[in-house]
Amino acid sequence: MSVQILQHAAETRRSVYALNKNLPISQKEVVQIVEHALLHTPSSFHSQSTRLVVLFGAEHEKLWDIALDELRKIVPAERFQPTEDKLNMFKAAAASVLFFEDQSVVKGLQEQFAAYADNFPVWAEHADAMVQYAVWTTLAAAGVGANLQHYNPVIDAQVAQTWNIPADWKLRAQMVLGGIAAPAGEKTFADVPSRLRVYGA
């Protein structure tokens with residue numbers, strides 16, 4: 001693979017919100033992409049603490065029904081319509097990937113390496129974020145649209161109950177994916193010199 005191909009994949013990864021159920025690849029291929037990212041994304045101390053759940057079809061729709069029900073409890077009725085519209089947009093997609101961090105792994109490392117105890121929760125978040133990026137970028141390269149959501153902890157209890165999630169798994173993010181009904185909008189960038197310093201070159 002050339003550097004340019006890898007960079008193009010990174011540029012292709014966008015937040016695509018207009019999604020439909022017409023995946024350009026098979027469900028099996030989606031699972032293979034998720035599995036590859038899970039296996040080959042690095043983690044601190046090779047902890048491998050990230051856990052994933054993939055939901056297709058009715059199971060995917062159930063996730064966004066749960067979000068709708070839980071948010072209805074806390075969002076005022078007069079302001080709920082935009083929330084409902086957004087959640088229905090996610091429901092219209094083809095699938096969701098749930099990202100978790102196994103706290104039993106984190107706690108085990110904290111006990112084993114006490115000097116770094118405060119860092120392991122942070123490093124676990126780093127690992128989870130890298131898996132998210134790996135999945136998202138690979139899906140984009142395959143022509144699958146996606147966006148990343150964070151309805152945790154509002155939906156955590158119902159998600160755990162519905163899909164029999166172990167108590168030690170902490171929900172971190174939800175990735176919505178599907179066929180691209182409309183492309184992402186224009187993207188702007190902050191000034192690079194204000195964000196990047198190079199010394200010794």
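User: In this predicted model, what share of the contacts between residues at least 6 apart in sequence join residues at least 24 apart?

Analyst: Start with the term: contact means heavy atoms within 4.5 Å. Among such pairs in the protein at least 6 apart in sequence, 85% join residues at least 24 apart. Before we go on, some ground rules: this is a predicted model, where local features need pLDDT of at least 70 and side-chain atom pairs count only at pLDDT 80 or more, while totals for chains, interfaces and linings use all residues. Residues are numbered from 1 along each chain as its sequence is written, and side-chain values use heavy atoms, with hydrogens and water left out.

User: Got it. Which elements does the protein have, and in what order do they run from the N terminus on?

Analyst: Helices (H or I, at least four residues) and strands (E, at least two) are DSSP runs, numbered from the N terminus. Here you get seven helices and five strands, and they run α-β-α-β-α-α-β-α-α-β-α-β.

User: Why does the radius of gyration agree with a compact globule?

Analyst: The radius is taken over C-alpha atoms, and the globule rule is 2.2 Å times the number of residues to the power 0.38. For 201 residues that rule puts a compact globule near 17 Å, and the protein has 18 Å, so the two agree. The C-alpha atoms fill a box of roughly 55 × 40 × 35 Å along the principal axes.

User: Let's zoom in on Ser43. Is this residue buried or exposed?

Analyst: Buried means under 20% relative accessible area, exposed over 50%, and partly exposed in between (1.4 Å probe, protein chains only). Ser43 has 15%, so Ser43 is buried. Across the protein, buried residues make up 37% of the 201 residues. Ser43 lies in the loop between helix 2 (27–40) and strand 2 (50–56).

User: Which backbone nitrogen lies 2.9 Å from a polar atom of the Ser43 side chain?

Analyst: That's the one of Gln48. The backbone nitrogen of Ser47 also has a polar atom of the Ser43 side chain 3.1 Å away. Leaving aside neighbours within four places in sequence, Ser43 is in contact with Gln48 and Ala127.

User: And where does Val105 lie, and which residues is Val105 in contact with, leaving aside neighbours within four places in sequence?

Analyst: Val105 lies in helix 5 (residues 103–112). With those neighbours left aside, Val105 is in contact with Ser47, Ser49 and Arg51. Take Ser49: Val105 and Ser49 are 56 residues apart in sequence, yet their C-alpha atoms are 5.9 Å apart in space.

Definitions and conventions
A polar contact is a pair of N or O atoms within 3.5 Å; within protein, one must be able to donate a hydrogen and the other to accept it, and residues adjacent in sequence count only if both atoms are side-chain atoms.
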